[in-house]
Amino acid sequence: MIELSTINDKSIDQILTKLENKTEVNASLPGGGILHIEKEIPYLVIYRQRKNDPGTYRMVISEASYLIIGNEDFEGYQKLLYLISNQLSATFNAYMLFEMYAGVAGSNTFLIKAPANKLPTALDVLKQELEEINNVYSGLYLQAQIKDTPHRHAEGDKCLMDLEAAKECGAVLISLEIPPVYRDEEENLYPVFFRGFKDYLIPAIHKFMYDYIRVQTSYQVA
Ligand SMILES: [Zn+2]
């Protein structure tokens, strides 16, 4: 475990060197951030620390590769993300930065913000998979929407990087807003439902990612 109290060129170098030589990197980062990367995984799931957001964080840390963005030095995190993407996109042809955040209380919509015309098939798979959750939990009436926007993050948040930077470092930015049906309006988690919901959601997201990667790879071949 690398422990970093600041993100600067030296500490980023430390992470990148480890990433080059090891299969997995763990780091604690400023403001309560955590980085856990497995080098074989072509995506990084991202979550920004927030107050009063029970459950959402736990979905992210069940992933094989994730970054929890702490609540200080956002610019440092941006730089770190850029350089990690730059390094790992060389292996995978692209590196997916997949941010997850909770929608407002009462929302029934999964909102996928993505470059819709660049990965239509994979996004359709995700939309469909997410809506099939209604077959497991009747009465939720959840829907999924795809929004083509350069701002692939929660409203009011800053971009992880702009699209020009993403292009330069080989990152593909996607965000998923999750309707917070796993907790009540006072932000108390429904523990049993939460586990089931998470166990449905995570494989659905993975199916999307691997479909996307398969297409990426075939582009490379063609
Ligand atoms: Zn933005």
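Hi everyone, let me start in a loop: Asp73 sits between strand 5 (66-69) and helix 3. Helices and strands here are DSSP runs, numbered from the N terminus: H or I of at least four residues for helices, E of at least two for strands. Before I go on, please keep in mind that this is a predicted model, where local features need pLDDT of at least 70, side-chain atom pairs count only at pLDDT 80 or more, and totals for chains, interfaces and linings use all residues. Residues are numbered from 1 along each chain as its sequence is written.

Back to Asp73. Its phi is near 55°, a positive value in a residue other than glycine. Is Asp73 buried or exposed? Asp73 has 20 C-beta neighbours inside 10 Å, so it counts as buried. The cut-offs are these: with C-beta atoms placed from the backbone, a residue is buried if 20 or more other C-beta atoms lie within 10 Å of its own, exposed if 12 or fewer, and partly exposed in between.

Tyr141 also has a positive phi, near 50°, and is not a glycine. You'll find Tyr141 in the loop between helix 5 (133-136) and strand 8. Tyr141 is exposed, because 9 other C-beta atoms lie within 10 Å.

Now for the helix pair. The axes of helix 1 (residues 9-21) and helix 3 (residues 74-92) come within 11 Å and cross at roughly 25°. Those axes are lines fitted to C-alpha atoms, for helices over the stretch in contact, and the angles run from 0 to 180 degrees between N-to-C directions. Helix 1 and helix 3 are therefore roughly parallel to each other; that label covers angles under 35 degrees, with over 145 roughly antiparallel, 65 to 115 roughly perpendicular and the rest oblique.

Which residues meet there? From helix 1 we have Ile12, Leu16 and Leu19, and from helix 3 Lys79, Leu80, Leu83 and Gln87. By class, this contact of helix 1 with helix 3 has five nonpolar, one polar and one charged residues. Nonpolar means Ala, Val, Leu, Ile, Met, Phe, Trp, Tyr, Cys and Pro; charged means Asp, Glu, Lys and Arg; the others, Gly among them, are polar. For contacts throughout, two residues qualify if their C-beta atoms, placed from the backbone, lie within 7 Å.

In soluble globular proteins, nonpolar side chains tend to be buried together. Here the largest nonpolar core has 60 residues, and Ile46, Met96, Leu97, Phe98 and Met100 touch the most other members. Strand 6 (residues 95-102) gives the largest share of this core, seven residues. Such a core is a set of buried Ala, Val, Leu, Ile, Met, Phe, Trp, Tyr and Cys residues joined through C-beta atoms within 7 Å. Setting aside neighbours within four places in sequence, Phe98 is in contact with Tyr43, Val45, Ile46, Ile174 and Leu176.

Ala102 is found in strand 6 too. With 24 C-beta neighbours inside 10 Å, Ala102 counts as buried. Beyond four places in sequence, Ala102 is in contact with Asp53, Thr56, Ile178 and Pro180.

Ile146 has 17 C-beta neighbours inside 10 Å and so counts as partly exposed. Its C-alpha atom is separated by 4.7 Å from that of Ile112, 34 residues apart along the chain.
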